[in-house]
Structure formats: C-alpha cells, structure tokens
Amino acid sequence: MSGILIRRATAADAAATADVYLRSFAAALPTVVRPRSDDEVRAYIRDVVVPERETWVAVAEGRVVGLMVLAGDLLSQLYLDPDWRGRGIGDRFVALAKERSPKGLSLWTFQVNKPAHRFYERHGFVETERTDGSDNEEREPDVRYLWRP
C-alpha cells in the first residue's frame with residue numbers, strides 16, 4: 001500500500017474529489033437516481049464539503065483516488081475511484097474514522113449496495129435500521145449501520 005497518502009482535503013482537491021465521487025457513484029450505484037446534476041455535485045463539494053466538512057482524500061500517483069467525509073460520529077461519505085478499489089484504501093479510511101471517533105460511528109448506505117454492506121460488516125459495523133428512503137435525497141431505501149468499540 002505504499003505510495004498512497006491519506007490527508008485532509010484542500011480547496012485544490014475539490015474538482016478531483018468531485019470526479020471521484022461521480023465515478024464511484026455511477027459504478028457502485030447504477031440504479032440509484034442522483035438528485036443533483038454533475039455540475040451541482042461539483043459545486044457542492046467545492047463550496048460546502050471540502051471547506052466546511054472534515055474531508056479526507058487518498059492520493060496516489062499524484063491524483064485523488066478516494067474521499068471520506070466525517071461529521072462528528074457520522075461517517076457521511078466514503079467513495080473510491082473504481083480503478084482503486086480492493087487496494088486497502090477503504091480499510092485505511094475506516095481505521096482513520098474509528099481513530100477520529102473512538103466512541104463509535106454511524107453511517108447510512110443504500111439497501112442495493114450489497115458490497116458496502118459486506119465491507120462495513122467486515123469492519124465491525126452492525127445494521128440497526130432500514131428505511132424506505134423517504135428521508136434521503138435520492139428517495140432510495142437505505143440501511144443504518146453502527147460501530148461501537
């Protein structure tokens with residue numbers, strides 16, 4: 001895993017971070033309808049996520065290949081460039097999230113995202129709730145996971 005740096009995102013990372021999000025979402029969740037256009041996603045990541053949230057990026061070969069966003073004890077987002085999955089970056093992000101929130105974490109993922117379920121369960125997260133999606137932007141059924149040390 002040498003050559004992959006995980007660090008806080010900067011304003012200069014915003015465009016590449018948005019591109020990773022868009023590629024990852026399209027690859028992992030092809031049936032989920034995004035409520036925002038690509039341009040709206042780019043603006044939101046540039047104007048809100050990177051400057052106002054605890055946003056982390058994975059950088060390899062000089063480019064952003066993953067992102068994680070924390071909001072207190074909520075693991076709000078974790079997305080990897082599809083070409084960089086399976087290389088331990090997600091594992092490193094989760095370890096960092098646990099370090100940053102040692103009393104526990106929660107997260108939401110879509111019910112259709114079975115690989116995410118397996119990933120988080122492998123990291124000790126336990127499913128605690130399922131919803132019909134009426135409370136999320138995508139209106140997609142989702143699952144809440146909790147991790148407690």
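**Reading strands, rings and loops**

Tutor: Strand E5 (residues 105-110) and strand E7 run antiparallel and are joined by 6 bridges; two strands pair if DSSP finds at least two bridges between them, and helices (H or I, at least four residues) and strands (E, at least two) are DSSP runs numbered from the N terminus. Please keep in mind that this is a predicted model, in which local features need pLDDT of at least 70 and side-chain atom pairs count only at pLDDT 80 or more, while totals for chains, interfaces and linings use all residues. Residues are numbered from 1 along each chain as its sequence is written, and side-chain values use heavy atoms, with hydrogens and water left out.

Student: Is strand E7 mostly covered or mostly open?

Tutor: Burial is read from relative accessible area, where buried means under 20%, exposed over 50% and partly exposed in between (1.4 Å probe, protein chains only). In strand E7 (residues 142-147), 5 of the 6 residues are buried, and the strand is mostly covered.

Student: How is a pair of aromatic rings described?

Tutor: A pair of aromatic rings is described by the distance of the centres and the angle of the planes. Rings of Phe, Tyr and Trp (its six-membered ring) pair if their centres lie within 6.5 Å, and planes under 30 degrees apart count as stacked, over 60 as edge-to-face and the rest as tilted. By this rule the count comes to 5 aromatic pairs. In one of them, the planes of Tyr-21 and Phe-25 stand at 40 degrees with the ring centres 5.7 Å apart, so the pair is tilted.

Student: Where do Tyr-21 and Phe-25 lie, and are they buried or exposed?

Tutor: Both belong to helix H1 (residues 14-28), where, being 4 residues apart, Tyr-21 and Phe-25 are separated by about one helical turn. Tyr-21 has a relative accessible area of 11% and is therefore buried, and Phe-25, at 1% relative accessibility, counts as buried as well. For another pair, the rings of Phe-119 and Tyr-120 have their centres 5.1 Å apart and their planes at 75 degrees, so this pair is edge-to-face; Phe-119 and Tyr-120 are both buried. Tyr-21 and Phe-25 also form one aromatic cluster with Tyr-79.

Student: Which charged residues lie over a ring?

Tutor: A charge sits over a ring if NZ of Lys or CZ of Arg is within 6 Å of the ring centre and within 35 degrees of the ring normal. Here the charged end of Arg-36 sits over the ring of Tyr-44, at 4.1 Å from its centre, and Arg-87 lies over the face of Trp-84, at 4.0 Å from the ring centre.

Student: Which residues other than glycine have a positive phi?

Tutor: Most residues other than glycine have a negative phi. Glu-61 has a positive phi, near 50 degrees; this residue lies in the loop between strand E2 (54-60) and strand E3 (63-71) and, at 68% relative accessibility, counts as exposed. Arg-139 also has a positive phi, near 60 degrees; Arg-139 is placed in the loop between E6 and E7 and is exposed, with a relative accessible area of 53%.
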